[in-house]
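Dear colleague,

Please find the structure below, handed over for your own work. My notes on it follow directly after.

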Amino acid sequence: MRYLVLAVQLLFATLLFAQKSHQKPNIIFIMSDDHAAHAIGAYGGRLSKLGMTPNLDEMASDGMLFQNVFCNNSICTPSRASIITGQYPQTNGVLDLDHKLDTDKQYLPIELKKLGYSTAVFGKWHLKNEPINFDYYKVLPSQGKYNNPVFLEKGKGEWPSNKVETEGHSSDVITSSVIEHIKNRDQSKPFFVMHHFKAPHGFFHYAPRYESYLADTEIPEPASMYYQPNWGSEGSRGKNDSLRNYIGSSTSNRHFDINYYSNYFQKTDDQQQSAHEAYQHYLKAYLRLVKGVDDNIGKLIAYLKQEGLYDNTVIVYTSDQGMMLGEHDFQDKRWMYEESMRMPFIMHYPKMIEPGKVNDLLVNNTDFAPTLIELAGGSAPKYMQGKSFINTLQGKDELGWRTATYYRYWMHIIHHYVPAHIGIRSKNYKLMFFYGKHYLPEEEHEGHYWKKRYDGEERETPHTWEFYDLSNDPQELNNRYNDTAYSEIIAELKAEMLKQREELNETDKDYPEIQAIIEKHWND
């Protein structure tokens with residue numbers, strides 16, 4: 001009898017082990033706002049020695065760091081819409097900050113719920129409509145506040161009147177809310193949590209405890225902030241630099257309306273001095289917010305380890321886009337230049353990913369949802385335009401993967417005076433076309449808020465091309481579009497751009513004025 005009991009116990013233990021070893025992973029998708037990849041130590045670069053991201057660096061060393069991940073539109077709402085839908089802007093309907101994502105297109109939580117997951121989202125949402133397809137949400141209204149933020153919480157009334165007040169810095173409050181939710185979760189289901197920081201979005205209001213961080217440090221500066229004679233084109237600078245004080249908000253006092261310097265310093269005619277002073281202030285404030293994000297990620301990971309959840313949890317860290325940190329004397333994002341277009345992307349999942357892996361697969365933000373769905377045991381639905389890269393996580397090759405990724409910024413001149421443009425980026429090259437016109441017809445744009453707020457918003461800017469050889473010019477200092485040595489490569493990139501515009505439903509068939517500009521200048 002004793003042997004029979006032991007056999008039953010052994011069988012039960014074996015079945016329990018098998019069940020646990022095949023259980024679906026929990027998934028935590030952590031996303032900050034405007035966190036540039038080159039502001040993470042693990043990515044290297046001029047800021048890597050400042051020690052601002054030890055927890056993210058450790059996560060990268062324990063998992064996989066992706067070097068070539070890009071957004072298809074470097075602005076908050078469209079990028080977030082592509083992440084949650086797996087679709088490009090013209091398919092999901094979110095071209096710019098004025099569009100709302102339809103509630104029936106909140107595809108990622110919808111698909112994961114079908115697979116048995118409990119779903120929740122915390123922090124910055126910024127997709128306008130209620131995140132109704134999550135089992136639980138506690139999100140900031142629009143941008144929200146850094147200090148003592150108000151949230152809209154499920155179960156606290158009708159949207160958007162379901163407000164709850166909190167105390168503390170938003171990065172701390174959001175992380176504590178995530179941990180509390182995991183503590184009280186439905187343990188009969190695997191969980192999917194979207195953990196969205198507001199930080200380090202400007203204006204940079206960091207927690208007071210970081211005031212001394214980097215206070216006595218000289219932050220390394222990009223050379224392109226001062227000197228870049230071969231960068232750009234008339235589309236980004238104007239003819240003979242005639243639009244240098246109009247196109248692209250600046251770190252220095254260069255820009256007539258939006259420049260970081262004028263927010264904090266007395267007027268000066270010395271642009272080089274203004275660039276230096278503004279940059280040091282800008283980076284220290286920004287990196288203090290980054291440090292706060294990283295510290296909170298450390299807190300979350302410590303909790304997961306303490307509760308025995310760490311090994312069976314997929315953890316993703318990314319940002320909704322990159323950020324210009326003084327490069328080309330720009331602040332903010334929107335541009336197709338590397339620092340703005342590139343997204344950090346780090347994945348932890350020890351049951352699948354070998355530690356210390358670095359990958360250069362050409363990924364964009366439409367690929368996130370298909371990959372997470374497949375990790376959860378499902379298959380990406382056909383309506384998603386992105387592709388799962390689960391083979392890469394398993395150490396296998398991806399078959400038939402893209403060789404270039406498409407980009408488009410729609411919001412001509414609005415906000416930071418960045419002209420509308422399209423482009424294509426392969427692993428080694430980048431081709432951009434500045435068509436420089438808003439997509440809305442003039443008669444529809446009359447009385448538009450942004451038009452009244454930003455001087456000359458309807459102003460059409462020059463139509464020009466830029467081409468960069470990224471393998472030899474990673475800082476994009478030399479526009480080689482007119483260099484005949486690259487004629488064949490440029491022709492191939494143009495053909496790829498046309499192909500992807502058709503395949504991805506990203507043409508201008510509904511915007512004939514823009515299409516006419518593109519056709520007129522295609523062979524310039």
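An open sheet of four strands has the order S13-S14-S15-S16, with antiparallel pairing (strands are DSSP E runs of at least two residues and helices H or I runs of at least four, numbered from the N terminus; two strands pair if DSSP finds at least two bridges between them). Its edge strands, S13 (404-409) and S16 (464-469), each pair on one side only. On average, neighbouring strands of the sheet are turned by 15° against each other, direction ignored (axes are lines fitted to C-alpha atoms, for helices over the stretch in contact, and angles run from 0 to 180 degrees between N-to-C directions).

This is a predicted model: local features need pLDDT of at least 70 and side-chain atom pairs pLDDT 80 or more, while totals for chains, interfaces and linings use all residues. Residues are numbered from 1 along each chain as its sequence is written, and side-chain values use heavy atoms, without hydrogens and water.

Within the sheet, S14 (residues 421-426) and S15 (residues 429-434) are joined by five antiparallel bridges, and Arg425 stands opposite Lys430 in S15. Helix H16 (residues 487-503) packs on the sheet and touches S13, S14, S15 and S16, its direction making about 115° with that of S14 (contact means heavy atoms within 4.5 Å).

Elsewhere, the peptide bond from Trp159 to Pro160 is cis, with omega near 0°; Pro160 lies in the loop between S6 (150-153) and S7 (163-165). The bond from Ala199 to Pro200 is also cis, with omega near -5°.

Yours sincerely
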